[in-house]
Amino acid sequence: MRKKRVLLLSEGFGTGHTQAAHALANGMKMLHPHLQCRVIELGNFLNPTIGPWILSAYRKTINTSPAIIGMFYRNKYDKSLNKLTQLALHRIFYTHAAQVISQLKPDVIICTHPIPNNVIARLKKQGIDVPLITLITDYDVHGAWISPEVSHYLASSPKVKNLLIERGVQPDKIQTTGIPVHPDFWKIGDKNQLRKELKLKSMPTVLIMSGGWGLTLKPELLRQLTSWADRVQLIFCTGSNMKLQEKMEENSMYDHPNITILGYTDQIYKLMDVSDLLITKPGGMTCTEGLAKGIPMLFHEAIPGQEEQNSRFFVNQGFAETIHSPDVIEKWFHLITDHYEQFEARRQQPKRIEPYLQPAYCAQTVLNMVIEQSHTPTAWTTVNNP
C-alpha cells in the first residue's frame, strides 16, 4: 500500500514558519511512522540565487528598521495579496512549483507561510486537484493568509478562528489546533540529569533568547541581566548570528563563570528544561515551545505586527509578562533567588490549559485530517503556465 504523502511548504522569513513545518512533520511521523513528509522552503528551493538575497534584505530590515515591517503589516492587515504581488509570485514560482508538485504527488499540501500558500492556491485555481491546508503560525492572522482555494485553515487560537470568520471564511473550514511543537517539547526532562549533561550548575537559571536570527538586546537590559551573574546562571542563545556571539565572547561583561554564550543550537528543549525563566522575543514558535515546557516567560522587543499580538495572547493567558520596565526583571530575579523552593513548586503544579494548547494536540488533529483527506485519491492534472 502506498504511503500517505504530505508536502509542507514554508519560507525562511524568520525561523518560526519552517520550524512549525518541521515540528508538524516530526509530530505526525511519530504518531504515524508510515506517513511520508517533506518540508521545503519554496523560495530557496526554486530560486537558490534570488531566495537568499531576498531573505538577507528582509533580515537587515528587521534588524535595523522593525517599524517598517510593522507599518506594512498594519497597512495590509485586512487585505489579500494584491495583483502586482501575485504577478511577481507568478513569474518567480508558479511554473516550477507546479512541476515539483506533479513530481512529488502529495496527498495533502500544508503551508506554514502566506507566500507558498498563495502559490498553491493559484495552482489549484489553474487545475491542480490536491487539498490545501493552511497553518497559521502566529496568534494573529494577516489577510495575506486567506484564499478561497484553501481547503482548511488551522487556527492557532479561538481568536484567530473568529478573525478568519470575520473575513469571510466558512466556520466549517477552520479547526483550532494551536501551533505544533517538535516531539522533543512534548515531555519535561529531568532537570538534574540535564544539568550534568549540559555541564551547567545547579542554581537558579535564566535562558535568554533573541530569536533565530540573533537580533540584539538593548544594552541597558544586558547590563541589568549580567549584574545578577553572581546569583543567577545566565544562558545567552544568539541563534545564527555568529558575529553577535563572537562580540559577546570578546566582551569582558560576559566573562563570568555563571554566564554561558551559545550560538545556534538544537538543544533548546533541554535548555528550557534546566532553566527557571525564559527571556525571549515573542515569536509564535518560541512562545509555544515555552508553554509546552511550562516555563514562565518575559518578553522583550516585539517586532511590530504579529509578535505584538503573540505577546498580548500569552500575557492575557497568564503565561508571560512584558519587560516594560527594569522592575520586571528585578521582581522575577528576586523570586527565583530568594524564594526558589516556592517558585519551583508552583511551576511544577500542572496548569489547566485548553486542549489546543496541549503539545501534541496539533500533530494528532492534523494527522486525523490528513488521513481523512487522503482517503479520496488525488486527481493529478498538468498545469500549463497560467
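Two strands pair if DSSP finds at least two bridges between them. The legends below apply this term to a predicted model.

**Figure 1. Parallel pairing of β11 and β12, with the bridge partner of Met297.** Strand β11, residues 297-299, pairs with β12 in the parallel sense over 3 bridges. One of the residues involved is Met297, whose bridge partner in β12 is Ala320.

**Figure 2. The open sheet to which β11 and β12 belong.** The sheet consists of 6 strands in the order β9-β8-β7-β10-β11-β12, and the pairing is parallel. Strands β9 (259-262) and β12 (320-322) stand at the edges; each has a single partner strand, so one side of each is left without a neighbour in the sheet. On average, neighbouring strands of this sheet are turned by 20° against each other, direction ignored.

**Figure 3. Strand β7 and its two partners.** β7 is mostly covered, as 5 of its 5 residues are buried. In a regular strand the side chains alternate between the two faces of the sheet. In β7, Thr205, Leu207 and Met209 point one way, while Val206 and Ile208 point the other way, and all are buried. Strand β8 (residues 233-237) runs parallel to β7 and is joined to it by 5 bridges; in this pairing, Thr205 stands opposite Gln233 of β8. With strand β10 (residues 277-280), β7 pairs in the parallel sense over 3 bridges, and the bridge partner of Leu207 in β10 is Leu278.

**Figure 4. Helix α13 across β11 and β12.** Helix α13, residues 306-316, lies across β11 and β12 and runs at about 125° to β12. The buried residues in α13 are Glu307, Gln309, Asn310, Ser311, Phe313 and Phe314. What covers them includes α7 (158-166), α12 (284-293), β11 and β12. After α13 comes Gly318, which has a positive phi, near 85°.

Figure 5. Ser311 lies in helix α13. Its relative accessibility is 8%, and Ser311 therefore counts as buried, the cut-off being under 20% relative accessible area. With its neighbours within four places in sequence left aside, Ser311 is in contact with Pro282, Phe299 and Thr322.

**Figure 6. Packing of helix α9 against helix α14.** Two packed helices are described by the angle between their axes and the distance between the axes. Helix α9 (residues 219-226) and helix α14 (residues 326-338) pack at an angle of about 20°, and their axes are 11 Å apart. This angle makes α9 roughly parallel to α14. The crossing in which α9 passes α14 is right-handed. On the side of α9, the contact is made by Leu221, Gln224 and Leu225, and on the side of α14 by Pro326, Ile329, Glu330 and Phe333. By class, the contact of α9 with α14 has 5 nonpolar, 1 polar and 1 charged residues.

Figure 7. Most residues other than glycine have a negative phi, and most peptide bonds are trans. Lys105, although not a glycine, has a positive phi of about 50°. Lys105 lies in the loop between α5 (83-104) and β3 (108-111) and, at 36% relative accessibility, counts as partly exposed. Lys199 also has a positive phi, near 60°, in a residue other than glycine. The loop between α8 (191-197) and β7 (205-209) holds Lys199. With a relative accessible area of 74%, Lys199 is exposed.

Notes:
Residues are numbered from 1 along each chain as its sequence is written. This is a predicted model: local features need pLDDT of at least 70, side-chain atom pairs count only at pLDDT 80 or more; totals for chains, interfaces and linings use all residues. Side-chain values use heavy atoms; hydrogens and water are left out. Helices (H or I, at least four residues) and strands (E, at least two) are DSSP runs, numbered from the N terminus. Axes are lines fitted to C-alpha atoms, for helices over the stretch in contact, and angles run from 0 to 180 degrees between N-to-C directions. Contact means heavy atoms within 4.5 Å. Buried means under 20% relative accessible area, exposed over 50%, partly exposed in between (1.4 Å probe, protein chains only). Angles under 35 degrees count as roughly parallel, over 145 as roughly antiparallel, 65 to 115 as roughly perpendicular and the rest as oblique. A crossing is left-handed if the near helix is turned anticlockwise from the far one by less than a right angle, and right-handed if clockwise. Ala, Val, Leu, Ile, Met, Phe, Trp, Tyr, Cys and Pro count as nonpolar, Asp, Glu, Lys and Arg as charged, and the others, Gly among them, as polar.
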